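Here is a friendly walk through a structure, from the place where its chains meet to the packing inside. Have the viewer open as you read.

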Protein chains: 2
Amino acid sequence: MRILILGGDGYLGWPTAMYLSRRGHEVGVVDNFAKRRWEKELNIMPLVPIPPLEERVRIWQQVTGLPIHAVTADLCDYPQTKEILRDFRPDAIVHYGEQPSAPFSMMDQHRSVFTQTNNITGTLNLLWAMREHAPRCHLVKLGTMGEYGTPNIDIEEGFIEIEHNGRRDVLPFPKQPGSFYHLSKVHDSHNILFACRVWNLRSTDLNQGVVYGIETDETALHPELVTSFHYDEVFGTALNRFCVQAVAGVPLTVYGQGRQKRGFLNIRDTLRCVELALLNPPGIGEYRVFNQFTEIFSVLELAELVKRQGEKLGLSVKLQHLKNPRVEAETHYYNARHQKLLELGLEPHRLSDVLIDSMLARIQENAQRIRPEIILPRVQWDHASSHPSSQAAAREGKGKQRRSVLEESVKAAKI
Amino acid sequence: MRILILGGDGYLGWPTAMYLSRRGHEVGVVDNFAKRRWEKELNIMPLVPIPPLEERVRIWQQVTGLPIHAVTADLCDYPQTKEILRDFRPDAIVHYGEQPSAPFSMMDQHRSVFTQTNNITGTLNLLWAMREHAPRCHLVKLGTMGEYGTPNIDIEEGFIEIEHNGRRDVLPFPKQPGSFYHLSKVHDSHNILFACRVWNLRSTDLNQGVVYGIETDETALHPELVTSFHYDEVFGTALNRFCVQAVAGVPLTVYGQGRQKRGFLNIRDTLRCVELALLNPPGIGEYRVFNQFTEIFSVLELAELVKRQGEKLGLSVKLQHLKNPRVEAETHYYNARHQKLLELGLEPHRLSDVLIDSMLARIQENAQRIRPEIILPRVQWDHASSHPSSQAAAREGKGKQRRSVLEESVKAAKI
């Protein structure tokens with residue numbers, strides 16, 4: 001199969017590219033390296049420095065003899081997007097190419113608007129380009145379980161049969177996302193469903209849980225094939241952050257009481273889920289949703305698990321409950337269906353003790369690289385921007401904005 | 001009350017401004033005149049030429065002695081948006097300031113992306129500016145009944161109680177919008193709901209039906225106070241278009257069988273609904289939805305009504321069924337609740353014979369201005385762009401896009 005991976009330089013994009021390449025597919029990766037710029041901007045970095053994509057592609061070819069084609073492009077540039085589809089002629093596209101962080105989207109006005117316009121424009125451009133150059137191509141889109149929020153009923157996979165006043169219909173599951181980032185994924189889902197219906201495109205929307213893990217079979221082949229493991233407040237996910245905190249000897253930071261429940265999955269299962277979606281494509285004009293996670297935990301359960309395992313390794317691990325920077329229900333019902341990928345053959349890696357040992361061990365090898373100061377949450381959902389880089393941006397912007405508004409007032413009638 | 005009308009130069013914005021001004025409110029109008037530019041671009045125009053906003057404001061003051069404050073600004077410019085809120089200190093904002101046409105949003109890639117980024121960015125900027133400068137201000141946002149699509153169950157006002165596997169919750173009503181424009185309104189609704197929840201803003205989302213009518217008590221005060229009545233395929237609504245076709249002596253163009261049912265309301269009721277929302281604001285942190293229409297008709301019923309009334313006036317009126325340019329269900333269940341505005345005191349104008357007479361009469365006065373060639377649909381939902389202005393744009397863009405992709409390929413690794 002000819003498969004394009006969008007966002008192929010990222011935490012999941014790069015391991016997906018190697019995984020699919022090793023299984024005999026013709027793989028192309030596309031990235032605009034925006035995340036590497038944001039890392040610099042926010043003064044954060046992954047645990048292990050990541051070689052340039054070009055370099056990883058070269059090593060991959062050296063180690064496995066398999067080519068991965070890399071292109072630098074921005075999905076927000078429509079002519080580029082069209083040209084890539086026309087030239088590569090993909091049978092399938094795996095779309096990770098979006099701004100992936102909830103805290104980033106909540107930092108300030110600029111980043112919130114950027115997150116939504118960037119993510120929506122990229123996906124819309126892709127849909128228009130598919131319509132023109134690859135109408136039978138299967139779009140595998142990475143969404144998030146966070147699109148659903150935490151309703152007081154069971155969460156179904158994308159659609160729910162509703163009986164109301166004696167009539168029935170199967171309708172999109174109502175969405176209650178918790179950040180401008182999560183909202184952007186909801187917007188994408190609505191746009192993709194519409195494009196499938198009106199243009200007969202086909203797509204699988206993977207509503208993914210929180211991914212953890214640092215290693216896959218392919219990253220293990222060579223030290224330079226590593227993926228970008230983030231543990232900071234902006235790009236790091238809860239379990240990855242807890243493991244790093246345990247190794248660094250700082251308290252595990254639990255937001256609020258930690259009773260928030262979420263779906264989790266191992267990075268190895270992400271790759272297998274994407275593969276299962278690719279091998280079992282939807283019909284022409286079909287839009288389907290798979291809930292992609294394997295286990296549900298509360299944040300506190302995760303922290304306690306890491307504490308127990310850390311202590312077995314001789315680490316001294318404490319928990320610290322922080323005032324929750326997010327506005328979210330902390331005590332809530334949570335039961336989300338996740339049958340469809342299991343039915344296609346997914347055999348989940350469980351968050352077993354062994355697994356935590358191996359994550360902790362891999363992090364310990366890099367313990368000297370940990371920068372504890374980037375872990376604590378500074379982005380507040382309901383406060384004025386408190387992230388230092390936002391304040392700096394605001395100060396810097398103020399001069400500019402005052403000038404432009406003054407110029408405008410001259411032209412405009414006085415209010 | 002200090003009330004800002006965004007999109008105050010438009011079909012509904014301008015009559016709303018006059019209506020509220022006359023009722024003793026301090027009214028400011030904001031517009032970037034984008035729609036006047038699109039009219040030129042697409043070579044279409046309203047039935048009666050519309051004087052510049054400045055001129056209408058001057059005449060309004062002359063006729064009534066009441067000031068309306070006008071500002072030229074683009075909501076996509078965040079510093080401008082903030083400055084307006086800071087200076088005007090509105091108690092309420094009525095937000096019509098978006099790209100309002102479904103066919104426009106379906107014309108081509110550029111206009112589809114523009115519609116979504118323009119509408120979403122404007123509303124997000126407004127929410128951020130309200131958070132900073134007007135956190136208690138009431139945002140009255142114009143949405144559309146088209147957000148819901150045509151589900152096989154009764155449509156509720158924004159939220160629905162769902163019982164599922166023995167549990168219950170009240171959740172956002174599932175949305176199935178029918179164009180990139182309608183999708184943009186769905187995205188707005190999700191964003192506003194979130195901002196109310198997280199930032200304690202307050203908003204009324206008016207899911208409005210199809211508006212018809214050419215005259216209000218205030219436009220009738222002076223010929224130059226007229227509002228922009230469109231009958232073309234891009235900005236014209238179904239009933240307005242039918243009335244113009246009847247007067248012009250061309251067949252009424254019914255899309256498909258015409259069994260599509262929609263909610264309709266008189267432009268005078270739009271003004272009253274907005275007023276009722278303003279006079280009965282939601283609580284702090286509350287997001288509520290009113291379905292704003294008064295009667296449900298099928299498109300064919302509308303056409304037949306116009307035919308009957310036209311014939312009474314001595315017009316020869318024929319119906320013509322065109323292949324439906326839209327992808328939509330033509331035979332479907334449709335029952336949408338619209339109680340909340342009635343409970344607040346709305347007394348609907350019915351689409352009575354008299355009303356059609358008066359619309360037809362006003363159009364007859366301007367019969368010589370009608371340009372029948374701009375009525376027929378050229379934008380196809382499921383075809384390659386067929387609107388002449390899109391084809392021209394595509395031809396023009398092609399040279400540019402080829403260059404930029406070539407330049408890019410030099411920089412990029414080869415795919």
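## Where the chains meet

Chain B brings 61 residues to the contact, and chain A brings 61 residues. Please keep in mind that this is a predicted model. On the side of chain B that touches chain A, two or more residues come from each of these elements of chain B: the strands β3 (68–72), β6 (159–164) and β7 (167–172), and the helices α4 (78–88), α6 (109–133), α7 (180–199) and α13 (388–411). The largest share of that side is from α6(B), with 10 residues.

What classes of residue make up the side of chain B that touches chain A? It has 30 nonpolar, 19 polar and 12 charged residues.

## How the copies are related

In general, a rotation about an axis and a shift along it relate two copies of a chain. Here, chain B is superposed on chain A by a rotation of 180 degrees with 0.0 Å of shift along the axis, and the RMSD is 0.0 Å. This is the relation of a two-fold axis.

The interface residues tell us about the surfaces too: 100% of those of chain B are also interface residues in chain A, so the copies meet through the same surface.

## The build of chain A

Chain A contains 13 helices and 14 strands. Its radius of gyration is 22 Å, close to the 22 Å given by the globule rule for 415 residues, so chain A is as compact as a globular protein of that length. The C-alpha trace of chain A spans about 65 × 60 × 60 Å along its principal axes.

Of the 415 residues in chain A, 55% are buried. Take the contacts in chain A between residues at least 6 apart in sequence: 82% of them join residues at least 24 apart.

## Core and a helix beside it

Nonpolar side chains tend to be buried together in soluble globular proteins. In this model the largest nonpolar core has 229 residues, and C243(A) and C243(B) have the most contacts inside it. Which residues does C243(A) touch, leaving aside its neighbours within four places in sequence? They are V306(A), M359(A), L360(A) and I363(A).

V306(A) is one of the buried residues of α10(A), including also V299(A), L300(A), L302(A), A303(A), Q309(A) and G310(A). Helix α10 of chain A (residues 299–312) has 14 residues, which at 1.5 Å a residue should span 20 Å; its end C-alpha atoms are 20 Å apart, which agrees. After α10(A) comes G314(A), with a positive phi near 85 degrees.

Definitions and conventions: Residues are numbered from 1 along each chain as its sequence is written. Chains are lettered from A and ligands numbered from 1 in the order in which they are written. This is a predicted model: local features need pLDDT of at least 70, side-chain atom pairs count only at pLDDT 80 or more; totals for chains, interfaces and linings use all residues. A nonpolar core is a set of buried Ala, Val, Leu, Ile, Met, Phe, Trp, Tyr and Cys residues joined through C-beta atoms within 7 Å. A residue is buried if 20 or more other C-beta atoms lie within 10 Å of its own, exposed if 12 or fewer, and partly exposed in between; C-beta atoms are placed from the backbone. Two residues are in contact if their C-beta atoms, placed from the backbone, lie within 7 Å. Helices (H or I, at least four residues) and strands (E, at least two) are DSSP runs, numbered from the N terminus. The radius of gyration is taken over C-alpha atoms; the globule rule is 2.2 Å times the number of residues to the power 0.38. The expected span of a helix is 1.5 Å times one less than its number of residues. Copies are superposed by least squares on the C-alpha atoms of residues with pLDDT of at least 70 in both. Ala, Val, Leu, Ile, Met, Phe, Trp, Tyr, Cys and Pro count as nonpolar, Asp, Glu, Lys and Arg as charged, and the others, Gly among them, as polar.
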